[in-house]
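Visitor: Please take me through this model. I want values, with the cut-offs behind them.

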Amino acid sequence: MKRATIDLWVGIFAALGCAAVLFLALKTANLTVGSGSNGTYSLYAEFDNIGGLKVKAPVKMAGVVVGRVTDIRLDNKSFRARATLEMDKQYQFSRDVSAEILTSGLLGEQYIGLLQGGDPDNLAAGDTIKLTSSALVLEQLIGKFMLNAAEKPAAPADSH
Amino acid sequence: MADSSSRNLFAAFGHRLIEAVWKLGFVCRFFAAILRDSGASLRRFPLVIREIYFAGVLSMIIIVVSGMFVGMVLGLQGYSTLVRFGSADALGALVALSLLRELGPVLAALLFASRSGSAITAEIGLMKATEQLDAMAVMAVNPIARVVAPRFWAGVLSMPVLAAIFNVMGIFGGYFVGVTLIGLDHGTFWSQMQNAVDWHTDIVNGLIKSLVFGAAVSLIAVFEGFDAKPTAEGVSSATTRTVVTSALTILALDFVLTAFMF
């Protein structure tokens, strides 16, 4: 086997390897968006109950991913869950933006949905989102439903 | 009588244990020798390029074909399971994650061990049997720098490339089955995958895994070749040992790495 042929093939091999890694990075991991390359800023949001929200869950507004949850911890003083949101720099939100924890699909993963408010001033990096509503926890929901269902038949029975 | 036979049993066990420890120490010293002498062979990089051709480029066909089929099987099996839970849309995420995290690095390494590792062992073993290594030593050519180190580094460098190609072909295979044959939505397939796959945790960790497997397989292959009995029988049993030991080492290392990474 001639040296030049071997060099050529090894060159092709290395180029294919680079192309494969590039493909994996761009096409499967979508590295260009939300990886911190084009700048992010942090916001915080406090929730009474985060349900099944996980780190790396998307933050969406109108269904568009505008950031990711990077950290979730319990605030020691208020005993509420404090989520750190890493937001894309190109999106700015008003100071009275509201955050709620939603579920994609019936059994899908949970994400944070944002609703823009009317305040002309925007949130700065490090600010906390004040208006939040908690995740729906299935057990609590069923509990409330059962309570309602138990009370309802009792009411007409009293009126007799 | 019974006492002496049980003594023999323990003696045989102890003998094997000592031999195993001795061999492990020998592998470590051999590894150190490769690292010490690899400066010379990395300066003469054409030697490594030649071995990358034989170990890496010639393994590409088997990697491409098996990656494709593994991806297609993942597509079929994943679909038939996911569709029961009404989440067939997640097929892209399933195929990509299982390939990138486990199947890509592990299967590519197993194929590499049986395709190239065995060839390296047979080649070095035969060089030893035909006294070429001794001849080199007589000519003041260090056989570890000239023969062993280039093959070791070629294996280390080829393995991540092969694993990446395996992953890409597997994802294409899964795409072919999921989107072209079954008719899932093209956009959902990719967007589900992109939501699930993370550059650092999944892709970089997979590449680190394949780098470690490459080093392990290459070290085992060159060691078994160098350690082979210089007979036809010795070379054949060394080749077998390479494949068996590599497979066990890859699977054990995979468990350890997964436990640390994910």
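**Pocket, folds and rings**

Visitor: Which helices each supply at least two residues of the lining of the second largest pocket?
Guide: A pocket is found on a 1 Å grid over the protein atoms alone: an open set of points where a 1.4 Å probe fits, with protein on both sides within 12 Å along at least five of seven lines. Lining residues have an atom within 4 Å of a point. Helices are DSSP runs (H or I, at least four residues), as are strands (E, at least two), numbered from the N terminus. The helices asked for are α1 (2-43) and α9 (232-261) of chain B.

Visitor: What kind of model is this, and which pLDDT limits apply?
Guide: Residues are numbered from 1 along each chain as its sequence is written, chains are lettered from A and ligands numbered from 1 in written order, and side-chain values use heavy atoms, leaving out hydrogens and water. The model is predicted, and totals for chains, interfaces and linings use all residues, while local features need pLDDT of at least 70 and side-chain atom pairs count only at pLDDT 80 or more.

Visitor: What volume does the second largest pocket have?
Guide: Grid points are joined across faces, edges and corners. A volume is the space filled by probe spheres set on those points. For the second largest pocket, the value is about 390 Å³.

Visitor: Which lining residues lie nearest the centre of the second largest pocket?
Guide: The lining of this pocket has 14 residues. Helix α1(B) gives the most, with six residues. Nearest the centre lie E19(B), K23(B), D227(B), K229(B) and R241(B).

Visitor: How many residues in the lining of the second largest pocket are charged?
Guide: Asp, Glu, Lys and Arg count as charged; Ala, Val, Leu, Ile, Met, Phe, Trp, Tyr, Cys and Pro as nonpolar; the others, Gly among them, as polar. The lining has four nonpolar and three polar residues. Its charged residues come to seven.

Visitor: How many helices and strands does chain B have?
Guide: From the N terminus, its elements run α-α-α-α-α-α-α-α-α. Its C-alpha atoms fill a box of roughly 65 × 60 × 30 Å along the principal axes. The count for chain B is nine helices and zero strands.

Visitor: What share of chain A counts as buried?
Guide: Buried means under 20% relative accessible area, exposed over 50%, partly exposed in between (1.4 Å probe, protein chains only). Chain B, with 262 residues, has 45% buried. For the 160 residues of chain A, the share is 28%.

Visitor: Among contacts in chain B between residues at least 6 apart, what share joins residues at least 24 apart?
Guide: Contact means heavy atoms within 4.5 Å. In chain A, the share on this basis is 63%. In chain B, it is 83%.

Visitor: How are the rings of F26(B) and F223(B) arranged?
Guide: Rings of Phe, Tyr and Trp (its six-membered ring) pair if their centres lie within 6.5 Å; planes under 30 degrees apart are stacked, over 60 edge-to-face, the rest tilted. By this rule there are 12 aromatic pairs over all chains. F26(B) and F223(B) have centres 5.5 Å apart and planes at 70°, a pair that is edge-to-face.

Visitor: How far apart in sequence are the parts that the F26(B) and F223(B) pair ties together?
Guide: F26(B) is partly exposed, at 28% relative accessible area. F223(B) is buried, at 4%. F26(B) lies in α1 and F223(B) in α8 (residues 199-227) of chain B, so the pair ties together parts whose separation is 197 residues.

Visitor: Which residues form one aromatic cluster?
Guide: Y175(B) and F189(B) pair with ring centres 5.5 Å apart and planes at 75°, so they are edge-to-face. Y175(B) sits in α6 and F189(B) in α7 (residues 186-196) of chain B, 14 residues apart. F189(B) is buried, at 1% relative accessibility. The cluster consists of F23(A), F172(B), Y175(B), F189(B) and W190(B).

Visitor: Is E51(B) buried or exposed?
Guide: E51(B) is placed in helix α2 (residues 45-55) of chain B. Neighbours within four places aside, E51(B) contacts G56(B), P150(B), R151(B) and A154(B). Its relative accessible area is 8%, so E51(B) is buried.

Visitor: Where is E131(B), a residue with positive phi?
Guide: Most residues other than glycine have a negative phi. E131(B) has a phi of about 60° although it is not a glycine. E131(B) is exposed, at 53% relative accessible area. It is found in the loop between α4 (91-129) and α5 (132-138) of chain B.
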